[in-house]
Amino acid sequence: MDRETRIGFVGAGRVGTALAVALRAAGYAVVAAASRSYASAERLAARVPGHRALPDAQAVAEAADLVFITPPDDAIASVARSVRWRPGQAVVHCGGALGVEALAAAKAQGAQVGAFHPLQAFAGGKTAPDVLHGITFALEGEPPLRDGLAELARALGGRSVVLQPGD
């Protein structure tokens, strides 16, 4: 992923906020977020310069090249089904208990799909730019997306391991 890739978030909770703040601090173009609560998306937008709150997941998909889906695990597949994805667009979830199959609806529309699992608990709402420094990210997906996710992990000061389907 280059620093010009427009990144959006669907889900403005602890994980989405931590990633958005850290990616922006690392120089990436974090451009938009939506959440179940518009107020949550607005709080995230206020913390990330150049970022805006949008009304829904579809609006984020239209604004971004790479979309992180970061709600609770049980909502990831539903979000993926609710959006019209562009062929070649990157769609990534961070659900620790799910594989890339949760994004089957996005893949069926031609999107590149992957998973970016930060191997860290996010209790207490810590979202400082360096909160992800030094952690391991478990990655799923096919190249070139997986390679781009490994680059993001390095840019955040972390390291990555690749998971195979079913791991």
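How many nonpolar, polar and charged residues are in the lining of the largest pocket? The lining has eleven nonpolar, three polar and five charged residues, where Ala, Val, Leu, Ile, Met, Phe, Trp, Tyr, Cys and Pro count as nonpolar, Asp, Glu, Lys and Arg as charged, and the others, Gly among them, as polar.

This is a predicted model, in which local features need pLDDT of at least 70, side-chain atom pairs count only at pLDDT 80 or more, and totals for chains, interfaces and linings use all residues. Residues are numbered from 1 along each chain as its sequence is written, and side-chain values use heavy atoms, with hydrogens and water left out.

**View 1. Buried residues of helix 6 (residues 145-155).** Leu 145, Gly 148, Leu 149, Ala 150, Leu 152 and Ala 153 are buried (under 20% relative accessible area, 1.4 Å probe, protein chains only). Helices (H or I, at least four residues) and strands (E, at least two) are DSSP runs, numbered from the N terminus. Just after helix 6, Gly 157 has a positive phi of about 85°.

**View 2. Strand 1 (residues 6-10) beside strand 2 (residues 29-34).** The two strands run parallel and are joined by five bridges. Val 10 stands opposite Ala 34 in strand 2.

Notes
Buried < 20%, exposed > 50% of the residue type's maximum accessible area, 1.4 Å probe, protein only. Pairing = 2+ DSSP bridges.
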